[in-house]
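Subject: Structure handover

Hello,

Here is the structure I promised you. Please open it beside this email and follow along.

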Amino acid sequence: MFSRKWLTLLALVLSFGLLATACGSSDDSEPAATDDSSATTDDSADEPADEPADEPADEPADGDEVELTQDGGILAAVQSRGTLNCGVSGAAVAFSFTQADGSVTGIDADYCRAVAAAVLGDANAVEFAALTAAERFTAIQTGDVDVLMRNSTWTQSRDTEVGMDFGPTTYYDGQQLMGRASDGFSAASEVAEVDGAIVCTNAGTTTETNISELAASLGINITLNTFEDFNQVMDGFLSGACDIVTTDGSGLVGRKAEQQPAGEEWVIFPSTPISKEPLGPVYAQNDSQWADVVNWTVYSTVIADEYGITAADVDAALAGDNAEMVRLLGGEGELQSTMGLSPDAFYNVISQVGNYGEIFDRNLNPVGLSRDGSANARWTEGGLIYAPPAR
Ligand SMILES: N[C@@H](CCC(=O)N[C@@H](CS)C(=O)NCC(=O)O)C(=O)O
């Protein structure tokens, strides 16, 4: 049994090493890579391993492994620390953006606050850690952050190979490109039109591999320049060093809203994104209790949204006759205590942070992103925002 534990620990350490190698492509502030992407599909800083996952860490856990990986448990650690360490970007407009006064705003930042409200009863009990794309997953692996809310796409390799688990998608996104109208691009442009262009993005992202694979399949040549920080990407676009910027569509919309100079017209295309980018919380694998806490925090906001219960309505809902909302807010039949939370955990979430729609609208409407007609609409309105029943 003892040696089995050490084997497991070794496997975890090895998988951290793989991740650090794969994601930490550059520590400096220079472009991390300049390469012709047309024939390149294996240079992603995002994908942690080229070979099939065969590390013991990815095998179904036996009792010993669970004991090892859940040692202490993240919920207990956060409760005893009294603050939630939450990894964010800090440079992602409308998702997690560090303001001049040091506060962090955005939908991701608010989901950090929601977890803090659930666990600690205080949405402000959050220590934000600004992480680049390349740094973010190592921070989960090492326990530097308890949860990551950093426009992170749920992919098979991230989920299965490197010791992480993903929670419910909080924003359904997709990769697009942004160019200048003065260069002949329009909202109707197709990706094939970027043949010969210098395309810029940030390192350690799905974005890199998506555009490289697409360029190869379209048979076009692009020069892909990757930067450690997205602010550097935008500096390159503003200076003219980059013809095209590519990332999640939401990121492009946010940056266009904030940074498009007067007299210039930036256009986002193609109209159908080139990839699926389901964004949501990430946490260390094999801590089922913590996963439940983060997941049901998100679900509580979705269920409240489904019933139209806003921050202002929680007391009436708790005293009302919607049995599911009563349970969720800590009344009769509540299930939060069995999760290790106080009965009013999700009352605190909804009253202090709001329901999904409130969180979405206050952060994303100002940059022009709306739920209407999108995958981020309620499931009852043709979207994908859906939660299991609270019973
Ligand atoms: N969703 C993609 C891309 C994430 C990403 O890095 N997006 C950019 C554009 S929104 C970003 O967060 N930039 C802010 C930064 O690098 O700090 C992924 O998970 O790899």
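Below are the findings, from the whole chain down to single residues.

First, two ground rules. This is a predicted model: local features need pLDDT of at least 70, side-chain atom pairs count only at pLDDT 80 or more, and totals for chains, interfaces and linings use all residues. Residues are numbered from 1 along each chain as its sequence is written.

**Overview**

The protein has 14 helices and 16 strands. Both are DSSP runs, numbered from the N terminus: helices are H or I with at least four residues, strands are E with at least two. Buried residues make up 49% of the 391 residues. A residue is buried if 20 or more other C-beta atoms lie within 10 Å of its own, exposed if 12 or fewer, and partly exposed in between, with C-beta atoms placed from the backbone. Now look at contacts, meaning pairs whose C-beta atoms, placed from the backbone, lie within 7 Å. Of those between residues at least 6 apart in sequence, 76% join residues at least 24 apart.

**The ligand shell**

Which residues come nearest to the ligand? Among the 20 around it, they are S89, A91, T205, F230 and G251. The shell divides into five nonpolar, 11 polar and four charged residues. Here Ala, Val, Leu, Ile, Met, Phe, Trp, Tyr, Cys and Pro count as nonpolar, Asp, Glu, Lys and Arg as charged, and the others, Gly among them, as polar. At least two shell residues each come from β3 (91-92), α7 (206-218), β13 (244-248) and β15 (277-279).

Take α7 first. Its 13 residues should span 18 Å at 1.5 Å a residue, and its end C-alpha atoms are 18 Å apart, which agrees. The expected span is 1.5 Å times one less than the number of residues. Buried residues of α7 include T206, E208 and L214. The buried residues pack against β10 (175-180), β11 (198-202), β12 (223-227), β13 and β15. Just after α7, G219 takes a positive phi of about 75°.

Next, β3. An open sheet of three strands runs β3-β4-β5, with antiparallel pairing. β3 and β5 (104-105) stand at the edges with a single partner strand each, so one side of each has no neighbour in the sheet. Strands pair if DSSP finds at least two bridges between them. Two bridges join β3 to β4 (residues 96-98). A91 stands opposite F97 in β4.

**The core**

The largest nonpolar core has 99 residues. Such a core is a set of buried Ala, Val, Leu, Ile, Met, Phe, Trp, Tyr and Cys residues joined through C-beta atoms within 7 Å. C112, V115, A118 and V119 have the most contacts inside it. Helix α4 (residues 107-120) gives the largest share of this core, 11 residues. Leaving aside neighbours within four places in sequence, V115 is in contact with L84, V147, V294 and T297.

**An enclosed helix**

Why is α13 (residues 345-352) largely enclosed by the rest of the structure? Because six of its eight residues are buried. Its cover includes α4, α10 (288-307), α11 (314-318) and α12 (323-328). G354 follows α13, and its phi is positive, near 105°.

**One last residue**

F227 lies in β12. F227 is buried, with 24 other C-beta atoms within 10 Å.

Best wishes

Terms used:
Two residues are in contact if their C-beta atoms, placed from the backbone, lie within 7 Å. A residue is near a molecule or strand if its C-beta atom, placed from the backbone, lies within 6 Å of it.
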